Amino acid sequence: MTAKILVVDDDPAVAEMTGIVLRADGFDPVFCDHGDRAVGIFRAEQPDVILLDLMLPGKSGIDICREIRAESGVPIIMLTAKSDTVDVVLGLESGADDYIPKPFKPRELIARVRARLRRNDNVSPGVVRIGDLEIDVTGHRVTRAGEVVQLTPLEFDVLVTLARAPGQVFTREVLLEDVWGYRHAADTRLVNVHIQRLRAKIERDPENPEIVLTVRGVGYKAGGHTS
Amino acid sequence: MLLRVITSTLVVGLAAVAVLGAYVTTQIRDGLVEKRVERILVESARDVDTTQQTFEASPAETPGELQQLVNDQVAALSKLGGESRDILLVRAPGNDSDVFLTPSGEGALLSIITPDLRSKVATGESQYWQHAAEPDGGGPAVVVGASLTLRSAGNYEMYFVYSLADEEATLELIQRVLAFGATVLVVLVVFMTWTVTLQAVRPIRAAARVAARLADGHLSERMRVKGNDEMATLATTFNDMATSLQRQITRMEDLSRLQRRFVSDVSHELRTPLTTVRMASDVLHEARADFAPSVARSAELLATQLDRFEALLADLLEISRIDAGAAQLDFKDHDLGDVVRDQVETLALLASEQGVELRLWMEEGPHIASMDSPRVGRIVRNLLSNAIEHAQEGPVDIAVASTARTVAVVVRDYGVGLSASQVQRVFDRFWRGDPARARTMGGTGLGLSIAREDALLHDGVLEVSGRPGEGASFRLMLPSGSRGLGLREPLPLDMVESDFPEVGPRVVLAAEAEL
């Protein structure tokens with residue numbers, strides 16, 4: 001099955017060229033050139049990955065990101081012309097999984113898209129418990145006392161990666177490689193922002209986390225009791 | 001300021017009053033005494049005259065009669081002169097008459113008459129006088145003496161002792177009044193000085209306070225203008241200055257904001273078409289095997305020059321961001337050794353492709369400093385790229401060391417080197433040592449400029465030294481804390497090849513360890 005990619009960009013040349021590159025690698029691109037239509041097209045097309053430009057006419061990329069995230073965990077990759085700290089962090093906090101600064105190479109784009117599609121390829125099945133959470137790896141479900149905790153696929157991947165080796169410390173660089181699929185050093189803010197989002201969903205008190213613990217100056221590890 | 005003015009006023013005032021008081025007192029005393037002495041001399045001369053005439057006209061011959069006459073005369077004179085004078089009648093030293101008269105008057109008074117006066121009186125015709133002090137610690141006095149011939153009793157001397165106690169009392173009274181007046185005057189002067197100074201000082205203090213507030217960034221702070229004297233002028237001028245300052249600063253801030261906006265806009269506007277061009281170029285480049293040779297080569301050139309264009313754009317944006325003061329630094333404690341090692345590892349492969357060996361020497365660590373590690377990494381990368389490019393296939397030595405307040409890295413190559421004039425210009429934007437040289441590293445000409453700006457953003461320094469044909473040495477020094485660079489330099493700027501092993505052990509790179 002070919003993966004469907006929604007490309008939201010108001011620049012026709014960039015959109016068309018992105019389409020050419022995606023098609024060449026066997027993806028099925030659909031396009032949207034206006035911020036106000038993006039959420040509608042997303043609902044109609046149900047893409048596997050969204051490539052989202054931040055500067056759009058009409059509704060901004062940040063708002064679109066929030067709206068889509070409210071109803072779906074679909075992977076969202078921001079395309080940013082500015083790599084300014086504020087923009088990137090704002091985009092990540094509003095729910096984007098990853099970002100690519102413009103200009104980018106086709107190879108880089110394809111690698112990022114594949115990394116977001118690849119996620120359950122190498123997951124061994126089973127059930128992992130951590131703290132009072134039950135993680136059904138095969139079914140992609142996290143429950144607390146029978147109640148489902150809604151996580152995006154990326155957050156799920158972060159949690160499973162940490163929970164499989166409780167107590168083991170993962171540096172941000174290792175997480176970037178394992179979860180995001182970066183081979184080289186990348187922006188560690190990706191990890192920080194998503195750990196915060198994950199904690200907000202799974203921790204009883206996100207200010208005093210018990211499941212995803214910070215190891216100062218090193219990285220993160222899973223705490224709590226496991227079976 | 002207030003205290004100083006009052007102190008000096010007090011000192012000057014007291015000195016002036018003391019001098020004036022002394023002068024006035026002396027003048028008054030001299031005047032008083034002189035007048036009195038004149039009157040005394042007239043009075044005593046008349047009395048002596050009267051006495052002499054009385055004796056000459058008297059028929060008294062016997063000692064008893066003479067003695068009686070003397071007693072009557074002295075009593076009459078005493079009554080005449082009042083209490084302020086005493087009369088003394090003594091036998092002259094050269095009197096050889098056999099009639100002896102009992103001296104009259106208190107004998108004690110004789111002791112205050114000096115021999116000098118007595119001898120003058122004995123010889124002279126007229127009367128003589130002297131200053132004296134009354135016996136038994138009495139006040140000042142004037143003694144007048146004259147010689148008399150008391151018929152058959154021979155020569156006698158008559159002395160009048162005038163007390164100056166009245167003059168002394170008057171003088172004391174005047175001195176008391178003067179002292180009181182002087183005290184009041186000094187107090188008044190000090191009080192006036194204090195009031196006037198306070199009036200002058202208060203606006204200055206207010207100005208100082210407002211200036212301090214301005215310096216703290218409260219640009220809308222102003223002084224209160226009251227009246228239209230010099231102080232009001234000061235306040236008005238001060239306020240004008242503050243307004244002008246505020247306008248300038250606001251203008252600079254606006255400019256800086258505009259510049260930042262512009263950089264951000266240019267960045268966005270350029271990157272959008274560049275994204276398309278980049279992708280298109282890469283698609284063509286991937287497919288170049290299917291093209292005719294000239295088209296394939298064109299695709300290749302397009303791809304490589306696009307890389308250069310992107311690097312140039314990134315550097316340009318970075319330097320204009322620094323110029324606009326819009327660079328955001330994220331300071332954290334990092335080990336400079338780690339940062340340098342990472343960069344050396346990354347560039348080691350590229351260096352060996354150019355036949356350059358990177359040798360990293362590191363002093364026993366840690367070399368912790370508060371830094372924005374991506375920026376410091378970029379400085380080191382720029383220095384290494386530059387060194388590799390100019391090393392002429394020779395080695396490049398890198399040393400890391402630190403002192404308590406400074407961390408330093410030196411990058412030294414032994415290649416083409418730099419002349420003195422080149423050393424001056426090496427950090428200039430778009431400057432190249434030799435424009436004709438092959439640009440193997442694809443440098444943008446901004447790398448070292450940005451590196452220096454980055455060093456300055458860290459309150460550090462980036463320096464260079466070199467000689468033609470002997471290579472160049474770059475040294476980056478960063479303060480480890482907020483106290484700035486220390487005086488002691490961890491590494492010398494001008495290092496020769498044999499210096500490096502002394503810095504510390506050579507670090508085995510991961511790339512070498514695999515071999």
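In chain A, β6(A) and strand β7 (residues 133-136) run antiparallel and are joined by four bridges. To pick out one of the pairs, A:Ile130 has A:Leu133 as its bridge partner in β7(A). Keep in mind while browsing that this is a predicted model.

Those two strands belong to an open sheet of four, ordered β6-β7-β8-β9 (chain A) and paired antiparallel. β6 (127-130) and β9 of chain A are the edge strands; each has a single partner strand, so one side of each has no neighbour in the sheet. On average, neighbouring strands here are turned by 30° against each other, ignoring direction. The sheet also has a helix packed on it: α6 (residues 153-164) of chain A touches β6, β7 and β8 of chain A, and its direction makes about 80° with that of β6(A).

Zooming out, chain A has eight helices and 12 strands. Of its 227 residues, 40% are buried. Take the contacts in chain A with a separation of 6 or more: 55% of them are between residues 24 or more positions apart.

Is A:Val49 buried or exposed? A:Val49 has 24 other C-beta atoms within 10 Å, and the cut-off for buried is 20 or more, so A:Val49 is buried. Leaving out residues up to four places away in sequence, A:Val49 touches A:Ala3, A:Ile5, A:Pro75, A:Ile77, A:Val113, A:Arg116 and A:Leu117. As for A:Arg114, A:Val49 is 65 residues from it in sequence, while the C-alpha to C-alpha distance is 9.4 Å.

Most residues other than glycine have a negative phi, and most peptide bonds are trans. With that in mind, a few spots in the two chains deserve a look.

A cis peptide bond, with omega about -5°, joins A:Lys102 and A:Pro103. A:Pro103 sits in the loop between β5 (98-101) and α5 (106-117) of chain A. Further along, A:Ala145 isn't a glycine, yet has a positive phi of about 50°. A:Ala145 is in the loop between β8 (141-144) and β9 (147-149) of chain A, and counts as exposed with 7 C-beta neighbours inside 10 Å.

Chain B has a case of its own. B:Glu393 is not a glycine either, and has a positive phi of about 65°. Where is B:Glu393 found? B:Glu393 is in the loop between α8 (373-390) and β8 (396-402) of chain B. B:Glu393 is exposed, having 10 other C-beta atoms within 10 Å.

## Chain B: helices and a covered strand

Chain B contains 12 helices and 11 strands. Its 515 residues include 26% that are buried. Among contacts in chain B with a separation of 6 or more, 69% link residues 24 or more positions apart.

Now for a helix pair. Helix α1 (residues 2-57) of chain B packs against helix α4 (residues 165-215) of chain B at an angle of about 160°, and their axes are 9 Å apart. That makes the two, α1(B) and α4(B), roughly antiparallel. The crossing of α1(B) past α4(B) is right-handed. In the contact of α1(B) with α4(B), the residues divide into 21 nonpolar, eight polar and three charged.

Strand β1 (residues 85-91) of chain B is mostly covered, with five of its seven residues buried. This strand, β1(B), runs antiparallel to strand β4 (residues 155-163) of chain B, and seven bridges join them. Within that pairing, B:Asp86 has B:Val161 as its bridge partner in β4(B).

## Where the chains meet

How many residues of chain B are in contact with chain A? There are 16 on the chain B side, in contact with 17 residues of chain A. Helix α5 (residues 230-286) of chain B supplies the largest share of the chain B side, 14 residues. By type, the residues on the side of chain B that touches chain A are five nonpolar, seven polar and four charged.

Definitions and conventions
Residues are numbered from 1 along each chain as its sequence is written. Chains are lettered from A and ligands numbered from 1 in the order in which they are written. This is a predicted model: local features need pLDDT of at least 70, side-chain atom pairs count only at pLDDT 80 or more; totals for chains, interfaces and linings use all residues. Two residues are in contact if their C-beta atoms, placed from the backbone, lie within 7 Å. Ala, Val, Leu, Ile, Met, Phe, Trp, Tyr, Cys and Pro count as nonpolar, Asp, Glu, Lys and Arg as charged, and the others, Gly among them, as polar. A residue is buried if 20 or more other C-beta atoms lie within 10 Å of its own, exposed if 12 or fewer, and partly exposed in between; C-beta atoms are placed from the backbone. Two strands pair if DSSP finds at least two bridges between them. Axes are lines fitted to C-alpha atoms, for helices over the stretch in contact, and angles run from 0 to 180 degrees between N-to-C directions. Angles under 35 degrees count as roughly parallel, over 145 as roughly antiparallel, 65 to 115 as roughly perpendicular and the rest as oblique. A crossing is left-handed if the near helix is turned anticlockwise from the far one by less than a right angle, and right-handed if clockwise.
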